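Work through each task with the structure in view before reading its solution.

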Amino acid sequence: MSLDRISHYPVMLEEVKSLIKKPNIIVDSTFGGGGYSKDFLKHFQNCKVIAFDRDKSSEMRAEKLANTNKSRFKFYNSKFSKIEKFIINDLHNVTHFIYDLGVSNYQLKNLDRGFSYQSNSELKMTMGINDITATSLLNERDEKFLARIIKLFGDEKDAKKIARNIILFRKNKRIISSDELKKIILKSKKKYQKKDPYAQTFQALRMVVNQELSEIFYSLKSLMENCSIGTTFIILSFHSLEDKLVKNIFNFFGKSVNQSRYLPQKEKKVNFKIFKKKPMVPKLSEIRLNPSSRSAKLRFIQKTNNHKIFINKSDTKMEEFFDLEEKLYE
């Protein structure tokens, strides 16, 4: 499937549109191929769309959309953790924030970016606006740190062996290509393995290099704390860690009591309404058309009050992940 064709299939588009009521300004927090923004501009005739993407290559696709929607569309090349500073004057006019999390197909299919283990390219794995690549991570960090990353972010049972073999390999040669890392992983695994022994390690490196969980936290923290009543957040995740973080953040802002039956029930004010306990998932017909959508989970929440409620990292129960992502950049 070509890149152009992929861009026409934003995941769960009809479900996302069904949640958008009377839009004024829609913020497309993860522009990517522009599929959502393009459809919003066409379907909702009177709204404006402000789009963000940290990937510089998205600018070219955004320019095409801007040329045909000059007064209704604006694009910023920025991480979504910085959205608030760009829209500070429009924040209270934004009615919907849309997030399509994870690595985009544009990035995966561009083999020079080093995300895929299906090509022997340099291990960059950078989504954009990065100071560190996967190559520098693999060659400069100690064994314990590498093992923790691969275990925690990749849920890789052989994380310690892989980390140890990374250290041994780089004593003789700097690790640069995906093939070199694949050989290290295979050497660390038992002879009989599942079909895809590389995915977990590659995923772990990518998530940490791009600080993907920290980006979600800081973005939702700033916007959910400061947006107006009625603002709706619609978030698509494709990985269990992303979904867990989004769920925990939503529960913090949207649940009024401690749900554990072993602890005293403590009333607290809430600012958001959670409409569905379980996430929405793609229809079978969409999965058949676009198999990459099969792991998608859609959660949404709407602001109903303006109490002074502020979230901390500890409230997400995922502090260890944030600490590892931030230590990489120390």
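**Exercise 1.** Find how many aromatic pairs the chain of this predicted model holds, and classify the pair formed by phenylalanine 40 and phenylalanine 44.

Solution. Rings of Phe, Tyr and Trp (its six-membered ring) pair if their centres lie within 6.5 Å, and planes under 30 degrees apart count as stacked, over 60 as edge-to-face and the rest as tilted. By this rule, the count is 16 aromatic pairs. For phenylalanine 40 and phenylalanine 44, the centres are 6.3 Å apart and the planes stand at 50°, which is a tilted pair. Phenylalanine 40 is buried, with a relative accessible area of 0%, and phenylalanine 44 is also buried, at 12%, where buried means under 20% relative accessible area with a 1.4 Å probe, protein chains only.

**Exercise 2.** Explain why the pair of phenylalanine 253 and phenylalanine 272 is edge-to-face, and locate both residues in the chain.

Solution. The planes meet at 65° and the centres lie 5.7 Å apart, so the pair is edge-to-face. Phenylalanine 253 belongs to helix H13 (residues 240-254) and phenylalanine 272 to strand E6 (residues 272-274), so that the pair links distant parts of the chain, 19 residues apart, with helices (H or I, at least four residues) and strands (E, at least two) taken as DSSP runs numbered from the N terminus.

**Notes.** Residues are numbered from 1 along each chain as its sequence is written, and side-chain values use heavy atoms, leaving out hydrogens and water. Because the model is predicted, local features need pLDDT of at least 70 and side-chain atom pairs count only at pLDDT 80 or more, whereas totals for chains, interfaces and linings use all residues.

Technical notes:
Buried means under 20% relative accessible area, exposed over 50%, partly exposed in between (1.4 Å probe, protein chains only).
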